[in-house]
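Here are my notes on the model, point by point. Please read them with the structure open.

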Amino acid sequence: MEIADGVTSIGSYAFRNCKNLTEVTIPSSVSPIGGNAFYSCSSLATIAIYSYDCSISNSSSTFPTSASIVAFSGSTAQTYAETYNRTFIPIENATVTGKPASLGLMTINGSYDSQLSVSAGSEVTLCAITMDGACFNGWVVNGEVVSTDSEYTFTANYNITFTASFSLIKNENFTVSFLDCYGNIINVQTVTSGADVVIPDAPLRIGYKFVCWSFTNAQISALTSSAIITPVYTKSTVKKYLYGYC
């Protein structure tokens, strides 16, 4: 039986008396495993635990004595096996998975493949490649930054997933340009914040009435990058009359 990846825990007595159960694979997402979870599973011969630091109930009856425990060397599963005299079989390979963000790429041991299987205990090198206008923030594992080095070497003792975190480089200054209705620049301002922009008077256009700029005042104040702003007009409704005398 293979427990689905994404399952986060196995409760106490979850599989008690499942006498036809012979093999179980527990994914890295599972922690904890409750007490007596596999109690009286008399046919269970192999339990593969892919979580390196899974919390396992400190009880000899969590797993039957007949079961061999397959897990990563140095893991909590190995500690359990040694504590309760279970046969321990080390997992020979570890899988390294990479999840690059949209602003860059990453390699695993020089390969652009998103997943690489290596011998458990071997060294693996990650390399982050940033796109123009972006910067590398760090390697993230389970929501925590483990290194900010763009080239990072670690020992792959167990399955692990890295996310390469990138962000856009924010320019300190940006330009806001105001145009007239013909596309001519009437005002240019270099600022560090949209709040610093001074909105100019609208240019006159014969036969038309100025309504507003293409950005509202609030939108202009919130600017963080360069923008081009144009005037919006409506045709004037003022009527002209020609008077004659005889």
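1. Two strands count as paired if DSSP finds at least two bridges between them. Strands (E, at least two residues) and helices (H or I, at least four) are DSSP runs, numbered from the N terminus. This is a predicted model: local features need pLDDT of at least 70, side-chain atom pairs count only at pLDDT 80 or more, and totals for chains, interfaces and linings use all residues. Residues are numbered from 1 along each chain as its sequence is written, and side-chain values use heavy atoms, with hydrogens and water left out.

2. Start with the mixed sheet. Three strands make an open sheet here, in the order E14-E13-E16, with mixed pairing. Strand E14 (185-191) and strand E16 (227-229) are the edges; each has a single partner strand, so one side of each is left without a neighbour in the sheet. On average, neighbouring strands of this sheet are turned by 15° against each other, direction ignored. (Axes are lines fitted to C-alpha atoms, for helices over the stretch in contact; angles run from 0 to 180 degrees between N-to-C directions.) Strand E13 (residues 174-179) pairs with E16 in the parallel sense, over 3 bridges. Look at Val176: its bridge partner in E16 is Ala227.

3. A further open sheet has the order E6-E8-E11, and its pairing is antiparallel. Strand E6 (104-108) and strand E11 (151-156) stand at the edges, each with a single partner strand, so one side of each lacks a neighbour in the sheet. E6 and strand E8 (residues 122-130) pair in the antiparallel sense over 5 bridges. Met106 faces Ala128 in E8.

4. Is strand E9 (residues 134-141) enclosed or open to the outside? Of its 8 residues, 6 are buried, so E9 is largely enclosed by the rest of the structure. (Buried means under 20% relative accessible area, exposed over 50%, partly exposed in between, with a 1.4 Å probe and protein chains only.) E9 pairs with strand E12 (residues 160-168) in the antiparallel sense over 6 bridges. Cys135 has Ser167 as its bridge partner in E12. E9 also runs antiparallel to strand E10 (residues 144-147), joined by 3 bridges. Val141 stands opposite Glu144 in E10. E9 and E10 form a hairpin with 2 residues between them, and Asn142 in the turn has a positive phi of about 50°.

5. Now the nonpolar cores. A nonpolar core is a set of buried Ala, Val, Leu, Ile, Met, Phe, Trp, Tyr and Cys residues joined through side-chain atoms within 4.5 Å. The largest has 25 residues; Ile10, Ile26, Ile33, Phe38, Ile49 and Phe63 touch the most other members. Elements giving two or more residues to this core are strand E1 (23-26), strand E2 (46-49), strand E3 (68-71) and helix H1 (76-83). H1 gives the most, with 3 residues. Apart from this core lies another, of 22 residues, among them Val124, Phe154, Ala156 and Phe166.

6. Check Ile49. Leaving out residues up to four places away in sequence, its contacts (heavy atoms within 4.5 Å) include Ile26, Ile33, Ile56, Phe63 and Ile69. Val70, Ala71, Phe72, Ala77 and Ile91 are also touched by Ile49.

7. The structure holds 17 aromatic pairs. (Rings of Phe, Tyr and Trp, the last by its six-membered ring, pair if their centres lie within 6.5 Å; planes under 30 degrees apart count as stacked, over 60 as edge-to-face and the rest as tilted.) Phe15 and Phe38 are stacked, at 5.0 Å centre to centre with 10° between the planes. Phe15 lies in the segment before E1 and Phe38 in the loop between E1 and E2, so the pair ties together parts 23 residues apart in sequence. Both Phe15 and Phe38 are buried.

8. Tyr152 and Phe154 form a stacked pair, because their ring centres are 5.8 Å apart and their planes at 20°. Tyr152 and Phe154 are both buried. Ring pairs link Phe136, Trp139, Tyr152, Phe154, Phe162 and Phe166 into a cluster.

9. Cys18 lies in the segment before E1. At 31% relative accessibility, Cys18 counts as partly exposed. The C-alpha atoms of Cys18 and Glu172 are separated by 64 Å.
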